[in-house]
Amino acid sequence: MMELSRREALQWALVGGGTLLFPWTIAKPAFAQFSPQIPRFELPFKTPPVLNPVRSDRDTDYYEITLEKASVEILPGLTTEIWGYNGITPGPTIRQRGGTQSSGGKESVVRFINKLGMDAQGEEILTTTHLHGMASLPQYDGYAEDYIPYNFFKDYFYPNDRAATLWYHDHALDFTARNVYMGLAGMYIVEDEYELDLPLPKGEYDLPLILQDKQFAVDGSLIVDDNNQKSIYGDVMLVNGVPWPRLSVERRKYRFRILNASASRNYHLVLSRYQEAQSLGDEIIVIGSDGGLLGSPVFLKAPFQPLRVAMAERYEIIIDFSEYPLGSQVYLRNIGFTGTIDVDTRSHTLMRFDVVKNASDDPELPSVLRPVQPIDIPANVTYRKFRFERNNGQWKINNKTWSKERVDANPQPGDVEVWDLVNPGSGWVHPIHIHLIDMQMLWRNGLPPRPYERGWKDVFHLGEFETVRVVGRFGRRDESEFGEFIKGKFMMHCHNLVHEDHSMMTQFEVGEGGDDPITGDPAKPIEEMRPI
Ligand code: C2O
Ligand code: CU
Ligand code: CU
């Protein structure tokens, strides 16, 4: 019996009347079945296409994205229905010149058109688009109940006030997990003059790594199983939508923008020269996090210093392939599984880099990136505490579920506040995302944050029995040209999308009298659409 491949095991199991017979499936019932098995590290690495604006004027770029279903080939030889931005998943990448207008920065308007139609239950698929990491006005922040119905569209305005790796994704109330898992996620990169002037890898050496796990039925369709409203996991690892890809690289530095766009999976990333085991000393250099560049590079050595990437976190890394001889194969592996159920060791290796070519040039990595000024904490600072826990079968914050009528914190514009995010229990981790502002982590259980967590962040990994203390200022990070404070209601939630949906989400309101997130600028029917 130990000799059976999984597929044979599955067939045997089905012979037994559809009941899964083997102890390993009983001990760990995370998957009712395994996805069709495919060879790993054979499909070529791809990046989502970069979207061109449909129009540009002096200070704004205008884009258009249609949400639609599509049948695509993800597993070779099978077709999968996805819900995609422009029919692809991940959606197209927007690479936007931002920063202050005096240094060439531009705002953007992105029109999202909902052509998704109906779901399998015959219900209309509602969507709302959140640009995660952008300080948008409430009516452009993808508020969970600010829907774009089927055959409606909405134009979202983005200030692009600072350089960072962001992402746009669906945020519809109760359905975010399904909608993102079906494909509604894409990367949005803001660059500014300061960052473009740094000698960091650019162009073909600056690549997204969007990490996701998905589960497929034998016919190739996606299985959406949230394990009784707990978590969605898959056994196929996708990088930029490709299962276990292989990328040919030159012997030089590359910049990778890592985004964890999985519904429920955390990653602990290392490099290894072995496919299924760990080699020693391989280095990942972290240069940026959610809110842009770190103050200086952070060097992590395998296997004892993995880079932890929780759901929705972004980390920008440098891998220096000149450390490897020509012909080397280097694997990106996931070696930690806190809060993740896993039965398939094939999912522990994500992709392979093949070192195939010497490089003609290779910039020196700067030792100073973008200084991160610690936020000044006034003596009379407002302090708040939020407990994230499960009780009576629901995910809650301070024992409450979501209500758009309730506001759980009301900082005034410009206020600094210290928040404790508390996970009092075990069995679950919660990456907590705060909309609108970038915050700084002060400590985790009284100990200093990991070095790569000491930048600007909007997601904080909250492990078992952990309290994370964060500080934030409810205004612009750079007020030199973006003077106005944003007021209004913004969400905070766990970014395990299943927890968020059921219903570990709340909201805070900055000041009073901000624009209403739902009535401020509602979606309009497609018949009213004029060229953007
Ligand atoms: Cu990335 Cu409120 O979400
Ligand atoms: Cu967000
Ligand atoms: Cu959670």
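Q: What makes I65 and Y168 contacts of F112?
A: Contact means heavy atoms within 4.5 Å, so F112 touches them, along with L67, Y85, T129, I148, F152, F153, K154, Y156 and Y158, not counting residues up to four places away in sequence. Heads-up: this is a predicted model, where local features need pLDDT of at least 70, side-chain atom pairs count only at pLDDT 80 or more, and totals for chains, interfaces and linings use all residues. Residues are numbered from 1 along each chain as written, chains are lettered from A and ligands numbered from 1 in the order written, and side-chain values use heavy atoms, leaving out hydrogens and water.

Q: Why is N160 called buried?
A: Buried means under 20% relative accessible area (exposed is over 50%, partly exposed in between; 1.4 Å probe, protein chains only). N160 has 0%, so it's buried.

Q: What makes F112 part of a nonpolar core?
A: Such a core is a set of buried Ala, Val, Leu, Ile, Met, Phe, Trp, Tyr and Cys residues joined through side-chain atoms within 4.5 Å. F112 sits in the largest one, with 87 residues, and is among those with the most contacts inside it. Another core, of 26 residues, lies apart from it and includes W419.
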